[in-house]
Amino acid sequence: MNAFCIKKHDLGSFHCLSFLKKTSPSSQLSVFVKFVLPPSKVYSSKHWVQQTHQRTLLHTQPPLVSKLQTRVISLAQAKMTFSDSVSAGNPQAAGTIYVQGVPTQETRLTLGGSLSVSPMAIGTWSWGDSKWGYTPEMFKDIAATWDTLQDTEVGINFFDTAEIYGKGESERIIGKFLKKSKEEGKILPVIATKFVPLPWRLRFPSSLLTSLKASMERLGVDVVDLYQIHGPISLRSIEVIADSLAEAVKLGIVKSVGVSNYSISELTRMHAALAKHGIQLASNQVEFSLLRRYPETSGLIAKCHELGVAVMSYSPLGMGRLTGKYNAENPPPSGRYFSDYPMEELAPLLSVMESIAKKHNKPMSAVALNYNICKGTIPLAGARNPQQARQNAQALGWRLSEEEIAELDGVARIGRTTLFWQHG
Ligand SMILES: NC(=O)c1ccc[n+]([C@@H]2O[C@H](COP(=O)([O-])OP(=O)(O)OC[C@H]3O[C@@H](n4cnc5c(N)ncnc54)[C@H](OP(=O)(O)O)[C@@H]3O)[C@@H](O)[C@H]2O)c1
């Protein structure tokens, strides 16, 4: 027997899974949870079933349980089914938060126990933001970038945005694309967005929930896949923010939650505060690249992995500096302030990257992104046109050798933290 069917009205205590842990043989099981929707939950049935499924996932122990399916067996909502693979036996299977072998177009990582994402994502700060010189004429290129990434062969299903990118314009642009993809019957990608806890946003959970609802409206979604705290800058405690994130999860409008720029101690506190609500902290987004190895050397990446928190690495291309496009004679435009070393100082690093890129017949950007994947992170690569998207997607399908990683480590920068924003 390799499948269990559990009928239960209230999954809150998860007794069924504890029972399985105690009694079942060591082989993997498929668990089907069926339950009757309580009348009080009919109004938000879809979200409630989904939330119940996610909470059950958090308590489901791979490799004992390999598949979890939650299904409603009464009322008109009988068609609702949520299904996930829970296996951790294969390093590339769902349940893994970072790549341990070769990242491929088919590899999927599991964030927060529920989101199934590609080993790299697309950052969309430049979509609609004047800081990146965005003008409405650029929309065509961005739309073509989205279309390119809809091609399943490219292998990327994960996008990162924020309420502050282009004052909401990045979310609005993604909302338009999601609507179009939905109309075309395409599989929708996973979207991560962020709440910026500005010091004058003091009322919680209301400020967070108001911002979240505004983001949902711009994105045109009923549920946000990954909702992140943009930076550790709130005047309120980490526990107050955790309670607000938990409230959003309980309301069924957020699937999983993450943070950004958090230090080891801030991350550990947030992880513990969310765990009290039965929620796994899904991710910490930090600047990590060949221009900033600090999250690795400080032990932050290792700590995240220990706690089951995925590391999303931002500015993995050094805001364009690691693509081979810029040099001392042709520096990047001003305003690209993360790791803004003078280009002449980066010549030795770029030269090593170039020779490795030639050896593998890959663009330099793919070397930079593959390095980030090899270090256990999910790079968020900005792309402004289809050509950049395709080049960056070449980070998948191969892996730098240990010798190449060591060579790159030798010429990479460690970087630093900042008081206001980059604690991690
Ligand atoms: N949480 C945070 O605090 C935080 C902070 C920063 C970023 N982020 C996230 O991380 C994402 C990525 O970071 P980022 O946008 O700062 O920088 P990035 O990914 O390091 O660099 C992106 C830029 O590099 C250039 N580029 C990309 N691919 C290229 C290619 N193949 N060839 C040549 N040039 C290429 C493009 O700009 P040009 O063509 O104009 O040169 C592109 O906009 C953001 O979009 C955002 O989602 C988060």
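What covers the buried residues of H5? The cover includes helix H4 (169-183), strand E9 (190-195), strand E10 (224-229), helix H6 (238-250) and strand E11 (254-260). Before selecting these, note that this is a predicted model, in which local features need pLDDT of at least 70 and side-chain atom pairs count only at pLDDT 80 or more, while totals for chains, interfaces and linings use all residues. Residues are numbered from 1 along each chain as its sequence is written. Helices (H or I, at least four residues) and strands (E, at least two) are DSSP runs, numbered from the N terminus.

**Helix H5**

Select residues 206-219, which form helix H5. The end C-alpha atoms of H5 are 20 Å apart, in agreement with the 20 Å that its 14 residues should span at 1.5 Å a residue, where the expected span is 1.5 Å times one less than the number of residues. Now colour Leu208, Ser211, Leu212, Ser215, Arg218 and Leu219, the buried residues of H5; a residue is buried if 20 or more other C-beta atoms lie within 10 Å of its own, exposed if 12 or fewer, and partly exposed in between, with C-beta atoms placed from the backbone. Looking down the axis of H5, you will find these buried residues within an arc of 120°, so they line one face of the helix; the arc is that of the directions from the helix axis to the C-beta atoms. Just after H5, Gly220 takes a positive phi of about 70°.

**The nonpolar cores**

Tyr227 is one of the residues with the most contacts inside the largest nonpolar core, which has 84 residues. Such a core is a set of buried Ala, Val, Leu, Ile, Met, Phe, Trp, Tyr and Cys residues joined through C-beta atoms within 7 Å. H11 gives the most to this core, with seven residues. A second, separate core of five residues includes Trp132, Tyr134, Ala162 and Tyr165.

**Around the ligand**

Select the ligand and the 28 residues around it, of which Gly123, Trp125, Tyr314, Leu317 and Gly382 come nearest; a residue is near a molecule if its C-beta atom, placed from the backbone, lies within 6 Å of it. Strand E14 (377-382) and helix H12 (386-393) are the elements that give two or more residues to this shell.

Stay with Trp125, in the loop between strand E7 (121-123) and helix H3 (139-150). Trp125 counts as buried because it has 21 C-beta neighbours inside 10 Å. Leaving aside neighbours within four places in sequence, Trp125 is in contact with Trp132, Tyr165, Ser170 and Gly382.

Then select H12, in which Gln388, Ala389, Asn392 and Ala393 are buried. Down the axis of H12 these buried residues fall within an arc of 130°, so they line one face of the helix. They pack against E7, H3, helix H11 (364-374) and E14.

**A last stop**

Finish at Leu291, in the loop between strand E12 (281-287) and helix H8 (294-297). Leu291 counts as buried, with 25 C-beta neighbours inside 10 Å, and the residues it touches include Gly318, Tyr341 and Arg413.

Definitions and conventions:
Two residues are in contact if their C-beta atoms, placed from the backbone, lie within 7 Å.
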